[in-house]
Amino acid sequence: MDNFTEKFQDLLDGTYDCVDRLVLNAYIYQIQSPGGFRLWWRNIFGEDTLDDTHLIRFAGRFSRRVRAWCKSNCIPLIDASAKQRHHELAEHCIPPKQSEFRGVYCVIAGLAPNTVFKVKRKDGIINNISKEYRFVKHYSFYLIDPYWGKIIIKINPHPPFNVNIILNGHEFVERKAKHKNIIFQKEANCFTKISSIAELELCAETMTDLGGEGRIHQLCNSWIYSACLIFLFNHNEQKPFNLNYSFSVSQIELSRNLLFQRGGTMEKVFNSVIDRTRTPLNIKKVSTIFGAGQRPQRKQLENGFKVECVVENHKYNLTVFKIHFGKLTVKMYSKGEHVLRIESIAHNVSQLKCYKKLDALPEIIAKLKKILERFMNILDAVDSCFIDNETIKNWCKPSITNGTRISGLDFNKDRISSVAKALIQIAAVSDNFTASDLVTKVKELFPDYYKYSVRNAGYDLRKFRSKGLIAKKERTRKYQINYIEIRQIAALLILREKVIYPLLANGGKLHHGRKPSNYSELDKHYYFIQKEVQKVFGIIGIRNHKDNAA
């Protein structure tokens with residue numbers, strides 16, 4: 001259990017982890033390269049017919065057959081525009097849950113980028129075959145599998161006939177739980193009440209244990225050839241044409257769901273965490289989006305804590321807490337009335353630096369889980385941090401490392417505080433980092449430091465290493481930072497930005513008059529503390545700059 005979950009364990013009914021969304025790439029390996037595709041075409045159709053006209057005919061034949069099949073079987077086929085979201089269009093076509101429907105219930109056609117082959121001929125002879133990445137019309141088949149639930153298969157009818165398969169982990173767990181007679185309540189894509197969380201966790205783990213030779217592989221093979229590829233090549237043509245698909249993981253989402261006993265407590269915890277960690281983590285995106293359901297509103301929470309929310313179009317507000325790191329994302333948001341969800345997302349699995357084949361799915365999930373737990377531990381470290389006076393004094397003093405004198409850490413300098421903020425954000429999503437990663441993050445967070453170089457980063461990292469705040473891996477160029485040091489760095493930054501600066505704003509002079517509309521509980525405490533600080537200033541003889549000018 002991570003530190004964040006352990007801290008609020010008394011307020012929870014339980015937790016469970018689940019693969020929320022899994023996107024697979026399906027491809028025919030032997031025709032991915034221009035040379036392999038030319039050899040495949042020559043063996044089947046002959047090289048004389050290899051031109052752009054015959055390649056485009058595949059898409060035309062596919063479109064005609066799909067539209068005729070949908071019309072004869074009364075299945076809706078929707079031509080979506082660029083601004084329409086496909087899953088919202090397909091929601092209106094979902095069969096009722098009571099029916100034992102199996103198969104395709106909707107087909108949506110729309111433009112999307114993909115690779116296609118381009119053949120150039122000169123004097124009737126093939127001069128070049130190249131791969132181009134451009135927008136072509138794809139066909140998305142929305143279907144229901146009796147064991148896996150809703151599945152989306154998106155096929156490109158142009159050679160090399162690439163396919164995307166989208167699976168939903170909660171759909172799989174829901175059917176698995178029904179099979180084991182587990183009583184639960186499900187709202188949208190989340191379980192809100194569960195009779196046995198331990199058994200549900202076991203159902204979720206069965207999906208993560210499946211490899212390339214498991215049920216996911218069988219599921220994809222059973223539907224690609226029978227529901228999609230059949231409109232390009234019939235069953236008699238598929239085997240002699242050697243149309244054997246291989247599968248790799250493209251995108252994946254792993255979620256940890258905290259089931260709170262009370263929805264008001266969950267809102268209070270979540271809003272407090274955002275308020276305290278937004279500044280030290282320097283989150284890139286804290287956005288408010290609007291959902292489709294209606295959540296019960298609780299205007300007054302415990303201890304008089306009031307959550308200010310803006311309701312538009314009669315929809316409830318949903319705050320999303322995000323950190324982006326390249327193609328990796330970690331985020332936290334509320335789901336339903338009682339569930340707080342924390343997700344780690346790999347938009348491109350290649351950034352995890354592991355094998356992408358479907359056989360490596362357990363390894364991919366293990367890496368995502370490690371990122372998720374690191375993010376939650378960092379949140380806990382920043383949320384409950386502390387630093388003493390002696391530590392601050394020691395940081396400011398110079399130190400000697402390997403016989404070399406290194407200056408101390410002065411957090412009053414903007415460059416040192418900027419590096420500290422960048423280190424906290426890097427530690428939230430990455431196990432280790434290099435000086436180049438630090439330079440990239442500093443320039444991203446603080447554009448004024450556009451001249452910040454690797455040499456500057458190396459010098460600053462030596463300062464942090466001399467104080468034991470970071471460590472360097474042996475025989476590598478990578479650095480590590482642990483959670484104890486994160487607590488100390490975050491505490492000093494919070495003291496400067498949340499305590500010292502607000503109290504000394506405008507020379508410590510009180511603001512009188514009408515209170516602003518967004519006057520929070522923290523602002524009230526600042527006001528009362530400033531009143532006491534004014535008395536202290538009067539006793540010790542400190543006057544603000546306006547009084548001195550007078």
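Colleague: Why are helix 12 and helix 14 called roughly perpendicular to each other?

Modeller: In this predicted model, the axes of helix 12 (residues 414-429) and helix 14 (residues 454-466) cross at roughly 80 degrees and come within 11 Å. Angles of 65 to 115 degrees count as roughly perpendicular (under 35 is roughly parallel, over 145 roughly antiparallel, the rest oblique), so helix 12 and helix 14 are roughly perpendicular. Axes here are lines fitted to C-alpha atoms over the stretch in contact, with angles from 0 to 180 degrees between N-to-C directions.

Colleague: What makes helix 13 roughly perpendicular to helix 14?

Modeller: Helix 13 (residues 435-445) packs against helix 14 at about 105 degrees, with the axes 9 Å apart, and that angle makes the two roughly perpendicular. Ala435, Ser436, Leu438 and Val439 of helix 13 touch Val454, Ala457 and Leu461 of helix 14, where contact means heavy atoms within 4.5 Å.

Colleague: Why is the pair of Trp40 and Phe161 called edge-to-face?

Modeller: Rings pair if their centres lie within 6.5 Å, and planes under 30 degrees apart are stacked, over 60 edge-to-face, the rest tilted. The centres of Trp40 and Phe161 are 6.5 Å apart and their planes stand at 70 degrees, so the pair is edge-to-face. Trp40 lies in helix 2 and Phe161 in the loop between strand 5 and strand 6, 121 residues apart. Both Trp40 and Phe161 are buried (under 20% relative accessible area; exposed is over 50%, partly exposed in between; 1.4 Å probe, protein chains only).

Key: Residues are numbered from 1 along each chain as its sequence is written. This is a predicted model: local features need pLDDT of at least 70, side-chain atom pairs count only at pLDDT 80 or more; totals for chains, interfaces and linings use all residues. Side-chain values use heavy atoms; hydrogens and water are left out. Helices (H or I, at least four residues) and strands (E, at least two) are DSSP runs, numbered from the N terminus. Rings of Phe, Tyr and Trp (its six-membered ring) pair if their centres lie within 6.5 Å; planes under 30 degrees apart count as stacked, over 60 as edge-to-face and the rest as tilted.
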